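Me: I would like to learn how to read helix packing, a nonpolar core and a metal site. Can we take them in turn?

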Amino acid sequence: MDPSNQKHFTVLDYVVFAFLLAVSIGIGLYNALSGGRQRTTQEFLMADRRMHCVPVSLSLIASFQSAVAIIGVPAEIYTHGTQYWFIGCAYILGLLIPAHVFIPVFYRMRLSSAYQYLELRFSKTVRICGTLTFIFQMVIYMGVCVYTPAFALNTVTGFELWGTVLATGLVCTLYTTLGGLKAVIWTDVFQTVVMFAGQLAVIVVGVQQAGGVSEVWRKAWEGNRISGLDLNPDPTVRHTFWTLGVGGVFLMLSLYGVNQAQVQRYLSSRTEKEAVRSCYMVFPSLQLALALSCVMGLVMFARYCGEDHSDKLGTYTRDAMVIYFVMDMLQGLPGLPGLFVACLFSAALSTISSAFNSLATVTMEDLIKPHFPLMSEARATLLSKALAASYGLVCLAMAFFTHLMGDSVLQVVLAIFGMVGGPVLGLFCLGMFFPWANSTGAVGGLVVGLSVSFWVGIGSIVTRWPGPRPHLPNCGVILLPDNTTTAANPALSNVTLSQPTGLQRFYSLSYMWYSAFNCFTVILIGLIISFLTGPMKEEDVTPGTIYPLLRKLLFFLPDHLKKKLCCVTPLGQTHSSEQRQPPQHKEMNGLAFQQEEPGPAQDETESFLLHASAAFVEHETAV
Ligand SMILES: CC(C)(CO)[C@@H](O)C(=O)NCCC(=O)O
Ligand code: NA
């Protein structure tokens, strides 16, 4: 790297950045010393289940919005145009379904870990399989999250790489371990605000320097970066309306529906309504986050398009390019580079802190507690804190492995979400929507699903990654002919232009389909194995674990026909019980549930789901 090209920070920039770290630690300390002082697992892992919807919703966005998206989305828009923006369409169903299917089922069972559901519905084995898969996914993810901003910053500014990794990892471990979930959620709130502020500052300055909104638009338009709706049905095309708008729904479901980091936030809400409301509130904020990062890509394009700047960019990876752009533009505006760096690290910190806390929760609830039912609360809390801190160390180790990975980290992360999160989503769908599925089917489905998923995922890497490494595509008028799934490396988009055949076609499935494809594999294999080994009987299924999907979809049919078609009636489903809450339920949710308005809002599904809690109590006491 040419040192004369390197960007530098002023004192004010360091102050802004230090402020972010100090406030985060402060919030951790405050939550360690206030409230119940983090002396129970209920407080440390579940925030006492007293959270309001506003902090929860901001925290929900923060969980999966890391520096990977902050850097990756502008880089994607800069090179391939605005097609990726259509992923915003997937947010509609991707949040409505969690709000009205997953949250009611999980919340009413009063779970701590989402994988507890799998034991209630299937068996202990399935629960452990689900937990281990989740741990695997999050451990890889958090390594990428802590490494990405540090690496990008290092190549552009010479910021010490491993020093930055260490500082982020340790600060995050500190406040997560001190303040538990409350600290994680409240730092998320602060960090999300910083994240938006940083992006907004870059855009405002960028638009101004580019000569106004219309100028940015004109350059992007002439540079062919404004994409229309691509309705090409070919599943191997990387980004189309179908891969983003439909495939994206499954990606969103695996993250916002069944991922422990998010489920834990729903469960920490004071009421179920509050949890649903927080899920709704994610929608506008997530659209805003997407819009900001897409616009940033366009502004960047407007700045470098057709000018000799692109030579300077050529030496960087696509991700580092974004940092270069920001530093280049904000030079001479003291404090603003610092604000952007704070934005980047806010995004990273909020994601890894969620990962630490959710990993500590599942390790405690799913792997340790079942073997030590008599463990005292004090000891369990201490152990949970030790677990949160240990995952902090694991994260640093993973950052080192990420070092070995390629660039364009956005696609890598979304592919991992699809490869590992997709099969887990399938497992939950199998349990919730298919009463016939049994435990053998669930385990078999998951194993086959993960195998196929890694076969395709690794296949796509092996068959495409080798090849020439051309110079970065410059911002000429011709858009990259991008009909491959492999922009994980900019070189790749130029490699495979001939139509793939046979297995290669299978490997070239768009990474945006991974979640959906893997989810359906698990369901299909799970059902086949279940029918071969003897499907589950109606009366053996724990009530409240099934969501009557078929009945809901056939809402237009008369009652007697529905009964015939949907052979499985959840236990205890009677019309007279519709308005009644089982006493156990009320007691378990304390005051919280009494705030819910009874009456016509409660439909059939909700009424039968109420039985879930009763069944859960019986189950737990029997154990
Ligand atoms: C989860 C989505 C797809 C929602 O837009 C987005 O936040 C994203 O692209 N995340 C990438 C992963 C990350 O930022 O760590
Ligand atoms: Na984040």
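Reply: Start with contact, which means heavy atoms within 4.5 Å. Keep in mind that this model is predicted.

Me: Against which helices do the buried residues of helix 3 pack?
Reply: They pack against helix 7, helix 8, helix 10 (241–257), helix 11 (260–267), helix 12 (272–304) and helix 15 (336–368). Helix 3 spans residues 53–63 and is mostly covered, with 10 of its 11 residues buried. Among the buried ones are C53, P55, L60 and A62.

Me: How do I describe two packed helices?
Reply: The crossing is right-handed. Helix 7 contributes V146, Y147, A150, F151 and N154 to the contact. From helix 8 come L161, W162, T164, V165, T168 and G169. By class, that contact has seven nonpolar, four polar and no charged residues.

Me: What about the spacing of residues along a helix?
Reply: An α-helix has 3.6 residues a turn, so residues three or four places apart point the same way.

Me: Which residues have the most contacts inside the largest nonpolar core?
Reply: F340, F428 and M432 do, in a core of 177 residues. Helix 17 (residues 409–433) gives this core its largest share, 18 residues. Leaving aside residues up to four places away in sequence, F340 touches I70, G198, V202, M296, I323, V326 and L330.

Me: Is A342 buried or exposed?
Reply: The cut-off for buried is under 20% relative accessible area. A342 has 2%, so A342 is buried. This residue is found in helix 15. A342 touches V16, F17, L20 and V194, again not counting residues up to four places away. Take F17: A342 and F17 are 325 residues apart in sequence, yet 5.2 Å apart in space, C-alpha to C-alpha.

Me: Now the metal. Which protein donors does the sodium ion (ligand 2) have?
Reply: Look for the coordinating atoms, then for where their residues sit in the chain. The donors are A62 (O), Q65 (O), A347 (O), S350 (OG) and T351 (OG1). They lie 2.3 to 2.4 Å from the ion. In sequence, the donor residues are spaced A-x2-Q-x281-A-x2-S-T. Distant parts of the chain are linked: A62 is in helix 3 and T351 in helix 15, 289 residues apart. Both A62 and T351 are buried.

How values were computed:
Residues numbered from 1 in each chain as written. Chains lettered and ligands numbered in written order. Predicted model: local features only at pLDDT ≥ 70, side-chain atom pairs only at ≥ 80, totals over all residues. Heavy atoms only, no water. Left-handed = near helix turned anticlockwise from the far one by under 90°. Helix = DSSP H or I, 4+ residues; strand = E, 2+ residues; numbered from the N terminus. Nonpolar A, V, L, I, M, F, W, Y, C, P; charged D, E, K, R; others polar. Core = buried A, V, L, I, M, F, W, Y, C linked by side-chain atoms within 4.5 Å. Buried < 20%, exposed > 50% of the residue type's maximum accessible area, 1.4 Å probe, protein only. Donors = N, O, S within 2.8 Å, 3.2 Å for Na, K, Ca; no water.
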